[in-house]
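Open the model in your viewer and keep the selection panel at hand. We will go stop by stop.

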Amino acid sequence: MRIPYTISRNVFETYRCSQQTIQLPNEQERTLRPEDVNWDANIVPELKVLAMHVLVEHWQDNPILDELPTPVDRDLLLELLPTNLPFELTIKWIPDEVFWKRAASDRWEHNYPDDHGGSWRRLYVERHFSEYLESLPATFFKGQQESCNEFIELCKEHVFMLKIRSLVPSSSPADKADECISEEEDSPNHIPFNEIITRLPNLTEMSINFGLIYMNDGFDWRDFKFSVEDCKNLGSGIKNSVRLAKFSLTRSNLDSHRVAALLHGMAVNNTVVEMNLSHCKLGDLGAQAVGEYLTINKRLRIIHLANNYIGARGAQGIVHGLLQESSAPLKELNLRLNPLTDVGGNHICALILRHQTLESLNISGCSLTTEGGINMAECLASGYVKSPTLELDLSNNELGPIAGEAFEVAVTSCNLIVGLDVRMCNFSKKSEYTISESVARNKKFHKQNRPRQMSSRISSSSTYPRGVSLAVPPAYTSMQISPAAKIPAGFQDNLRTRSRMMTGSRSAVDDSNAQRLSRNDSASRSKVGSSSMTLSATNEETLSTEPVSANETPEPRYQLQTHNRFSRRESVLNLQDL
């Protein structure tokens, strides 16, 4: 009996009867035993099955599949074929997914076909091709150019994603102990990717890690380095790739010189949409090179630069590149685990205010303090943010409770924030709760108004009021106009008079209605009248602007003046009538 490949042998072992169960009287009389995998061992198979076994034994010398008369025969042959056949034969003759599923399950323990387009054949070819490149020495590719090209020709139509976990470096110089060799000369070389990437027409995603996983010859820091020549070859290969959309180079010694050589070749390519250079050694100079690259690339949408020793100068270079007219319309920027400090946070504030397409910003663990948090909250509450929506990650920054109150008011008054992570920021519980509730409200608001925004392309600021902070920076105190100068005294008297007239008219209407209705209805109407009078009194207090005494000390809590949408509209109409 052939065990179905869709059922694991562990299933048979799980449901196999124990010896005590088999010795029971009822079990002795049972003739049909589905858990017995050898029930047909003594039965002579059919002649067709015997012929299939002969074809399987000689299939490597005479591969046939489509020549079989019926689909049942072809399925039987695929079930009987071993999975350790030469790859050159199976990739050409067997397109069936069932065989490739058996081959992948026999070779690797964990397989995820959803990551490979849901195809078992593509999964097997991509993993087999990656392991082939990972095992190639740096000198083997040039010495065996013909055999490598033949193998690439077999796999090129099925490789859409290339993930390289490790690469074999070149051998170290023999005279390393005798002479003083510079760091660049000591950097090893690897296989030339410019000759590989250009031969893969369907490559859309690429991930590389220069380093070794298994230390067979002992540990050496040199095994985790790569040369500038490797970066030039990699950039040249990406330049000629016509479909590459995602590129990742992480956990390496990618410094400013190497990233400049890499981006010099990638600058011509306009197909890359997402780039990940996290956990490297870019520094400020490398970040400035990335900022220069952002002014050239027109299609980049997502960039990850986490943990790259980027400081305030590096953040300035990135922001400068993003704010150029020819820059890429970036949507997601990841700068977490970089020592930006408050100076770099000010550059991030400029990016938030002036960039129009940024939707996600991650600056968690960037050494921001209370001053930087308050400045960022001021930017969000100013009402001048041009992005339609914004998700902000500020976690693991020592912002403090004062900055928490500032963000609490900013998110409450600004509906653009649809995501704000403030974990480990030393905020009060009240501020964290208010922020989470406001973010949920903003997210629901944008979800309901998304079709309208997509059709009209109108900013959400025209349909949802934004607050303006009352806390003025000290440098701009002299430029502020006193509150009493905003509305002349004559206008204040007229507005108060019209407000009292409106209150009196509403109460008169309520009294007339109360006489017509029953006693219960009159009681409910009086409640409505009292609530309307309270609302008018509130509008009167809002419209009146009296100067604040200079001797009064401001409260430590971060305050923000907000207005109801309908009361603001009514007050504007009254001003127009005047």
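Contact here means heavy atoms within 4.5 Å. This is a predicted model, in which local features need pLDDT of at least 70, side-chain atom pairs count only at pLDDT 80 or more, and totals for chains, interfaces and linings use all residues. Residues are numbered from 1 along each chain as its sequence is written, and side-chain values use heavy atoms, with hydrogens and water left out.

**Whole chain**

Start with a cartoon view. The chain holds 23 helices and 11 strands. Both are DSSP runs, numbered from the N terminus: helices are H or I with at least four residues, strands are E with at least two. Now colour by burial. Of the 578 residues, 42% are buried; that means under 20% relative accessible area, with exposed over 50% and partly exposed in between (1.4 Å probe, protein chains only). Among contacts with a separation of 6 or more, 78% join residues 24 or more positions apart.

**Helix 18 and helix 19**

Select residues 370-381 (helix 18) and 400-413 (helix 19). Their axes come within 9 Å and cross at roughly 10 degrees. Axes are lines fitted to C-alpha atoms, for helices over the stretch in contact, and angles run from 0 to 180 degrees between N-to-C directions. The crossing therefore makes helix 18 roughly parallel to helix 19. Angles under 35 degrees get that label; over 145 is roughly antiparallel, 65 to 115 roughly perpendicular, and the rest oblique.

Show side chains at the contact. Helix 18 brings Thr370, Gly373, Ile374, Met376, Ala377, Leu380 and Ala381. Helix 19 meets them with Gly400, Ile402, Ala403, Ala406, Phe407, Ala410 and Ser413. The residues of this contact divide into 10 nonpolar, 4 polar and no charged. Ala, Val, Leu, Ile, Met, Phe, Trp, Tyr, Cys and Pro count as nonpolar, Asp, Glu, Lys and Arg as charged, and the others, Gly among them, as polar.

An open sheet of 9 strands runs in the order 1-2-3-4-5-6-7-8-9, with parallel pairing. Two strands pair if DSSP finds at least two bridges between them. Which strands stand at the edges? Select 161-164 (strand 1) and 417-421 (strand 9): each has a single partner strand, so one side of each is left without a neighbour in the sheet. The twist averages 5 degrees from one strand to the next.

Zoom in on strand 2 (205-208) and strand 3 (246-249), which run parallel and are joined by 4 bridges. Serine 207 has serine 248 in strand 3 as its bridge partner.

**Salt bridges**

Side chains of opposite charge can pair when their charged atoms come close. The whole structure has 8 salt bridges, each a side-chain nitrogen of Lys or Arg within 4 Å of a carboxyl oxygen of Asp or Glu.

- Select lysine 48 and aspartate 73, at 3.4 Å from N to O. Lysine 48 lies in helix 4 (47-57) and aspartate 73 in helix 5 (71-80), so the pair ties together parts 25 residues apart in sequence. Lysine 48 is partly exposed at 40%; aspartate 73 is buried at 7%.
- Select arginine 107 and glutamate 131, at 2.8 Å from N to O. The pair links helix 7 (97-107) to helix 8 (120-134), 24 residues apart. Arginine 107 is partly exposed at 34%, and glutamate 131 is partly exposed at 28%.
- Finish on arginine 423 and aspartate 421, with closest N and O atoms 2.7 Å apart. Buried or exposed: which is arginine 423? Arginine 423 is exposed, at 57%, whereas aspartate 421 is buried, at 18%.
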